Each structure stands twice: as C-alpha cells, then as structure tokens.
Amino acid sequence: MEREITPPTNFAQSRTAALVLVILAVSGFSFSMGMTYPVIALVLESRGFSEAEIGVNGSMAGLGLLISAFSIPRISSRITYRKMIGISAAGGCAIITSMIWIENFYVWCLARFFLAVFVNGIFIGTEAWLNELLEEKNRGTVIGIYASVISATFAL
C-alpha cells in the first residue's frame, strides 16, 4: 500500500524563505557584476595601466563566464545550490578584497577571471534553485520579480 507524502505544514513558508534567499543571492551577483566592470577599469587606469591592458583585463571576465558556464553545472550536480552559492559568494568576496593589494597585471587578469567564475556560480545556482522552487501558478510573477531585481541591482 502506498502512502501519500504530504509536505510539512511550514513548507509554503520555507519555499517563500528560499525564494527570498535566491532573489537576495542573485542581487549580489548582479550588483557585483554591475559594480566591478567600471570600478576595476577605473582602478586599473588610476594605477597607470594602458587602455589595451584594461580591455584585456575586462575580457577575462567574459572568458571566466564562458568557461565556467560549462563546468558549474557539473559541480552543482555534486553539491546543493545553497552550498554552491555560498562558496561562490565567499570566493568572489575574497577576490574583490584581495584586489586591493594586487599590483601585477597578470594577477589582476587571473583575479578577474576567477571573480567571473565565482559570480557565475551564484547566477547559475540561483537560476537552477529558482526553477526548482517555482510552482506553475506563480512562476511568471516570481520570474518577473527576479528579473526586476537583477536589472535594478545591476544598474545600482
């Protein structure tokens, strides 16, 4: 005889809390991407790097996003979304903090590459987790809020 499995009574509250957490996490992603592109370019310029070097450094972010898009799904299949988002956020914060002391151009490029890898971990993790959490009845509304938060925090 099969038993029907019912979710716990606080399931709706835990789903809502998880959705809020996902939206807060993706706001960290979009804010860091929106902030780092201009700020890193300005810092490099103030440190005397050429426009070509600043352009190469900026391309490292694109390369990091591209390469990590292929590896992050494999990583996320081994750990929880929450853990991946946490590790990615901690790694991104560590890299941004360490950039204060970086003087070498090539180390800046590596830092920029790995910063993009970490923030992409946040983005991919939140996208996957969000899709897992959503119910059909509110999918459009929540996706609209999610996209609006991404746009607003990127613009900040």
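Phe-49, Phe-105 and Tyr-106 form one aromatic cluster. The model is predicted. Across the whole structure, a search finds four aromatic pairs. One of them joins Phe-113 and Phe-114. Its geometry is edge-to-face, with 5.0 Å from centre to centre and 90° between the planes.

How do the two partners fare for burial? The table gives the values.

| Residue | Relative accessible area | Class |
|---|---|---|
| Phe-113 | 14% | buried |
| Phe-114 | 39% | partly exposed |

Phe-113 falls under the 20% cut-off, so it counts as buried. Phe-114, at 39%, lies between 20% and 50%, so it counts as partly exposed.

Phe-114 also takes part in the helix contact described next. Helix H3 spans residues 81-98, and helix H4 spans residues 105-133. Their axes come within 8 Å and cross at roughly 155°. The angle is over 145°, so H3 runs roughly antiparallel to H4. The crossing is left-handed.

Which residues of H3 meet H4? From H3 come Tyr-81, Arg-82, Met-84, Ile-85, Ile-87, Ser-88, Ala-89, Gly-91, Gly-92, Ile-95 and Ile-96. On the H4 side they meet Ala-111, Phe-114, Leu-115, Phe-118, Gly-121, Ile-122, Ile-124, Gly-125, Thr-126, Ala-128, Trp-129 and Glu-132. By class, this contact has 15 nonpolar, six polar and two charged residues. Arg-82 in H3 and Glu-132 in H4 are the charged ones.

Notes:
Residues numbered from 1 in each chain as written. Predicted model: local features only at pLDDT ≥ 70, side-chain atom pairs only at ≥ 80, totals over all residues. Heavy atoms only, no water. Axes fitted to C-alpha atoms, helices over the stretch in contact; angles between N-to-C directions. Helix = DSSP H or I, 4+ residues; strand = E, 2+ residues; numbered from the N terminus. Parallel < 35°, antiparallel > 145°, perpendicular 65-115°, else oblique. Left-handed = near helix turned anticlockwise from the far one by under 90°. Contact = heavy atoms within 4.5 Å. Phe/Tyr/Trp six-rings, centres within 6.5 Å; stacked < 30°, edge-to-face > 60°. Buried < 20%, exposed > 50% of the residue type's maximum accessible area, 1.4 Å probe, protein only.
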